[in-house]
Number of protein chains: 2
Amino acid sequence: MNIIIKMAKLNLQKIFTDFTAKKGLKHSDIRLKILDVLNEGQKHLSASELFAKVRERYPTVGQATVYRTLKLLCECDICRELRTEDGLARYEVAMGHEHHDHIVCLGCGRFEEAVDEKIEKLQIQLAKSKGYSLKRHKLMLYGLCPKCK
Amino acid sequence: MNIIIKMAKLNLQKIFTDFTAKKGLKHSDIRLKILDVLNEGQKHLSASELFAKVRERYPTVGQATVYRTLKLLCECDICRELRTEDGLARYEVAMGHEHHDHIVCLGCGRFEEAVDEKIEKLQIQLAKSKGYSLKRHKLMLYGLCPKCK
DNA sequence: TTACCTGCAAAGAATTTGCAGGGCC
DNA sequence: GGCCCTGCAAATTCTTTGCAGGTAA
């Protein structure tokens, strides 16, 4: 394993462990395993997809544990939840990655990341003009990709 | 009823009727009633909230019909579906209203509309830079409102 | 020992589907 | 008359909860 990935992984594990400890929870290997699988796998996994991947490697893990762990991971901002149009909650590791938004092809369902600094800044101003202090945002762009146009 | 609202209502009804006719569906008063209730009520109703409102006025309507009608209304772009963080699908009449995005207070849950022309334009460019032609987008801003700051 | 952790199964919640009677064209 | 429409209830799907045995501290 690439040394940088390994360090990132250890780092996330430490952040997670510290978070659960501070919350008064006990140490759990299974939670860390679930974090690993989420971190190594493809992005935008739904809970049940993640559950399937976890089961491949750790066949005894129950799906309630996966749901409970995802909740904790979101609570400490290691991971974030996307609500897609299919109504499923999807998850991605957010910490240690640059912030990004998403662009989805309406033709083939292809899903990629996108970000524009100017838009980010304007969002802060827009919130401010309404009297809000912006904490975060979600932007989804829907269109047709080069192949589907 | 204000004459302008009345005309807008008739207009939406006509668009909807034309759409269902073109789709080979038959005329249905109930669908139009559901559209009216959605159009007159407060924004961002969930399917079950809409169902409750419809039932107040038309006690025999089944909730399956409300769900089916919402699907149709979204298909023809009269209404749009918002996926909020609570996992519920919420609906608002989009046609005949200016496009807008939403800003949500993380403190009290307050929900208002927001829009910025520059952001809109930059989104189109951002999509273009990825090779996509933008059809639509969803932007949600999360922050603290003046009262909750 | 006290609480948390976990898998399992059951419960819940939101939404969809099947069906049978009724209505539009 | 044929096909769509509708309410009802059952089925599905995703997610949460309760429980009983196990485990960290």
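The largest pocket is lined by 27 residues, and those nearest its centre are Asp77(B), Cys79(B), Arg80(B), Glu81(B) and Arg136(B). Five elements of chain B give two or more residues each to this lining: helix H4 (63-75), strand S2 (79-83), strand S3 (89-93), helix H5 (117-129) and strand S6 (133-144). Please keep in mind that the model is predicted. The points below take you through the pockets, the cavities, and then chain A with one of its helix pairs.

**Largest pocket (chain B)**

- The volume of the largest pocket is about 750 Å³.

**Second largest pocket (chain A)**

- S6(A) provides the largest share of the lining of the second largest pocket, with 4 residues.
- Sorted by class, the lining of the second largest pocket has 9 charged, 4 polar and 4 nonpolar residues.
- Here too you will find two domains involved: domain 1 (3-93) and domain 2 (101-143) of chain A each contribute at least three residues to the lining of the second largest pocket.

**Cavities**

- Searching the whole structure turns up 3 cavities of 30 Å³ or more.
- The largest cavity has a volume of about 190 Å³.
- Residues from both chains are found nearest the centre of the largest cavity: Arg83(A), Lys138(A) and Met140(A) from chain A, with Arg83(B) and Met140(B) from chain B, out of 17 lining residues.
- The elements giving two or more residues to the lining of the largest cavity are S2 and S6 of chain A and S2 and S6 of chain B.
- S6(A) again deserves a look, as the largest share of the lining of the largest cavity, 4 residues, comes from this strand.
- The lining of the largest cavity divides into 7 nonpolar, 7 charged and 3 polar residues.

**Chain A at a glance**

- Chain A contains 5 helices and 6 strands.
- Read from the N terminus, the order of elements in chain A is α-α-β-α-α-β-β-β-β-α-β.
- Along the principal axes, the C-alpha atoms of chain A fill a box of roughly 45 × 40 × 35 Å.

**Helix packing in chain A**

- Helix H2 (residues 29-40) and helix H4 (residues 63-75) of chain A pack with their axes 10 Å apart, at an angle of about 75 degrees.
- Because of that angle, H2(A) is roughly perpendicular to H4(A).
- On the H2(A) side, the contact is made by Ile30(A), Arg31(A), Ile34(A), Leu35(A) and Leu38(A), which meet Thr65(A), Val66(A), Thr69(A), Leu70(A), Leu72(A) and Leu73(A) in H4(A).
- By class, the contact between H2(A) and H4(A) comprises 8 nonpolar, 2 polar and 1 charged residues.

How values were computed. Residues are numbered from 1 along each chain as its sequence is written. Chains are lettered from A and ligands numbered from 1 in the order in which they are written. This is a predicted model: local features need pLDDT of at least 70, side-chain atom pairs count only at pLDDT 80 or more; totals for chains, interfaces and linings use all residues. Side-chain values use heavy atoms; hydrogens and water are left out. On a 1 Å grid over the protein atoms alone, a cavity is a set of points where a 1.4 Å probe fits but cannot get out, and a pocket is an open set with protein on both sides within 12 Å along at least five of seven lines; lining residues have an atom within 4 Å of a point. Grid points are joined across faces, edges and corners, and a volume is the space filled by probe spheres set on the points. Ala, Val, Leu, Ile, Met, Phe, Trp, Tyr, Cys and Pro count as nonpolar, Asp, Glu, Lys and Arg as charged, and the others, Gly among them, as polar. Domain bounds come from an automatic or database domain assignment. Axes are lines fitted to C-alpha atoms, for helices over the stretch in contact, and angles run from 0 to 180 degrees between N-to-C directions. Angles under 35 degrees count as roughly parallel, over 145 as roughly antiparallel, 65 to 115 as roughly perpendicular and the rest as oblique. Contact means heavy atoms within 4.5 Å.
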